[in-house]
Amino acid sequence: MQELVNIFVKSIFIDNMVFAYFLGMCSYLAVSRTVKTSVGLGFAVIFVLGFTVPVNYLLQNYILGKGALSWLGPQFAGVDLSFLTFIMFIAIIAAMVQLVEMIIEKFSPTLYSSLGIFLPLIAVNCAILGGSLFMQERNYANISEAVSFGLGSGVGWFLAIVGIAAIREKIRYSNVPAPLRGLGITYIITGLMGIAFMSFMGIEL
Amino acid sequence: MSENANTPKEALLSPKNRKLLSDPIGKDNPITVQVLGVCSVLAVTVQLKASLVLAIAVVAVMGFANVIISLLRHGIPPRIRIIVQLTVIASLVILVDQVLKAFVYDVSRQLSVFVGLIITNCIIMGRLEAYALQNKVWPSFLDGIGNAAGYGSILILVAAIRELLGSGTLMGIQVIPDFMYNIGYVDNGLMILPPMALITVGVIIWIHRHRDKSLVDVS
């Protein structure tokens with residue numbers, strides 16, 4: 001249990017998707033104009049990361065990895081399909097995004113209409129594929145650790161985008177030099193937020 | 001607009017085609033103007049060597065992806081085009097990944113997940129959607145190469161600044177002479193840390209927009 005909490009907190013603050021690895025920057029910069037839309041996108045990312053990381057974990061450990069197919073019989077023990085990782089992961093992500101979209105549309109039309117175009121966009125958000133690839137690289141011991149990592153990364157991304165959106169709403173009233181307005185100042189603020197997040201470095205729970 | 005200074009002078013390229021190649025490097029840069037593909041530009045720029053390898057990888061993937069999609073453009077049903085594009089890109093990235101693992105294993109380890117993340121690099125999808133789906137093969141190829149070069153140039157610029165100020169080296173070779181250290185010069189360790197990549201890019205955008213006023217964000 002302690003290990004799970006540790007991974008969760010670590011993936012929110014220390015290994016934050018945006019500030020430590022710059023993943024999902026495209027939508028982070030494009031959708032952070034208002035707090036409302038960024039909250040919607042943030043929730044969608046938490047949702048999709050929480051689903052895709054464990055599914056890809058199962059895929060990695062029972063189909064793709066070296067010797068992962070041994071449950072089919074001893075003759076499969078030497079099979080290594082890891083070169084197919086990228087294409088399988090991205091296929092799973094595209095399919096899961098589609099599935100999540102259909103489920104939300106069926107059960108909560110209001111949430112669906114508020115998320116709107118963001119859901120399909122998530123399929124090409126680097127944070128999602130990045131989550132799965134980091135999961136593969138870090139070799140989590142079991143599926144609950146993968147779930148906790150997925151959710152934690154999602155929450156970290158959510159915090160980052162909501163934070164920057166709030167700052168951008170306020171900064172509209174400030175006197176920023178003209179060439180720095182918009183994109184430039186957003187980068188610099190993100191850098192400063194990243195420095196603030198660096199203070200979490202080295203915390204062990 | 002006059003031709004950019006970076007334009008290669010090849011007879012094969014008509015002025016229009018040359019513009020395709022040169023615009024993304026200058027006033028239509030994918031990173032500083034179109035805001036595409038910023039995800040990976042930041043994380044791998046601690047060292048020049050890794051960024052150089054990634055830039056070459058992106059040029060290769062983008063050039064070929066644009067050609068393939070442009071060849072297939074009449075056969076792709078619009079409803080499933082995103083899946084088709086992702087499949088093409090993912091296959092190309094697998095090729096690049098295997099080549100990197102085979103020939104430059106240490107750099108491949110250093111890039112870790114960022115080779116795989118070329119798949120979701122928005123610049124590739126963006127150019128496929130915006131250009132290759134509507135245009136002939138040769139201009140699409142140039143568009144791909146041009147945009148990847150624009151991406152790569154920022155990548156390499158940021159990496160050079162960070163490596164020079166952060167560790168005093170370029171491509172792993174010491175550049176700052178020893179006597180500078182002896183009289184008290186100290187490497188700025190902060191430059192190696194992730195947030196400084198963002199600030200460096202922010203400053204590059206600032207300079208870029210200051211020189212070309214038409215790019216200033218009015219909103």
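This is a predicted model: local features need pLDDT of at least 70, side-chain atom pairs count only at pLDDT 80 or more; totals for chains, interfaces and linings use all residues.
1. Is Leu72(A) buried, partly exposed or exposed? With a relative accessible area of 45%, Leu72(A) is partly exposed, where buried stands for under 20% relative accessible area, exposed for over 50%, and partly exposed for what lies in between (1.4 Å probe, protein chains only). Leu72(A) sits in the loop between H3 and H4 of chain A; helices (H or I, at least four residues) and strands (E, at least two) are DSSP runs, numbered from the N terminus.

2. Residues are numbered from 1 along each chain as its sequence is written, chains are lettered from A and ligands numbered from 1 in the order in which they are written, and side-chain values use heavy atoms, with hydrogens and water left out.

3. The interface comes next. In chain A, 40 residues are in contact (heavy atoms within 4.5 Å) with 42 residues of chain B. The two chains bury about 3,600 Å² between them, and 82% of it is on carbon and sulfur atoms; buried area is the accessible area (1.4 Å probe) that two parts lose on being put together, summed over both. Phe22(A), Phe86(A) and Tyr187(A) supply 20% of the area that chain A buries against chain B, more than any other three residues.

4. On the side of chain A that touches chain B, helix H2 (25-30), helix H4 (85-107), helix H7 (126-138) and helix H9 (183-197) of chain A each supply at least two residues. The largest share, nine residues, comes from H9(A). By class, this side of chain A has 29 nonpolar, eight polar and three charged residues, with Ala, Val, Leu, Ile, Met, Phe, Trp, Tyr, Cys and Pro counted as nonpolar, Asp, Glu, Lys and Arg as charged, and the others, Gly among them, as polar.

5. Over all chains the structure holds four salt bridges. One of them joins the side chains of Arg138(A) and Asp15(A) (3.9 Å, N to O); Arg138(A) lies in helix H7 of chain A and Asp15(A) in the loop between helix H1 (2-14) and H2, so the pair ties together parts that are 123 residues apart in sequence. Arg138(A) counts as partly exposed, at 27% relative accessibility.

6. In chain B, Lys49(B) forms a salt bridge with Asp106(B), the closest N and O atoms being 4.0 Å apart. This pair links helix H3 (residues 48-72), which holds Lys49(B), with helix H5 (residues 105-111), which holds Asp106(B), across 57 residues. Lys49(B) is partly exposed, at a relative accessible area of 40%. For the salt bridge of Asp143(B) with Arg127(B), the closest N and O atoms are 3.1 Å apart, and both of these residues are buried.

7. Two residues of helix H3 of chain A deserve a look. Thr52(A) lies in helix H3 (residues 35-64) and counts as buried at 0% relative accessibility; leaving aside neighbours within four places in sequence, Thr52(A) is in contact with Ile93(A), Met96(A), Ile128(A) and Ser132(A). Gln60(A), also placed in helix H3, counts as buried at 14% relative accessibility, and its side chain makes a polar contact with the side chain of Gln136(A) (3.2 Å).

8. Chain B has 10 helices and two strands, and buried residues make up 51% of its 219 residues. Of its contacts with a separation of 6 or more, 72% are accounted for by residues 24 or more positions apart.

Key. A polar contact is a pair of N or O atoms within 3.5 Å; within protein, one must be able to donate a hydrogen and the other to accept it, and residues adjacent in sequence count only if both atoms are side-chain atoms.
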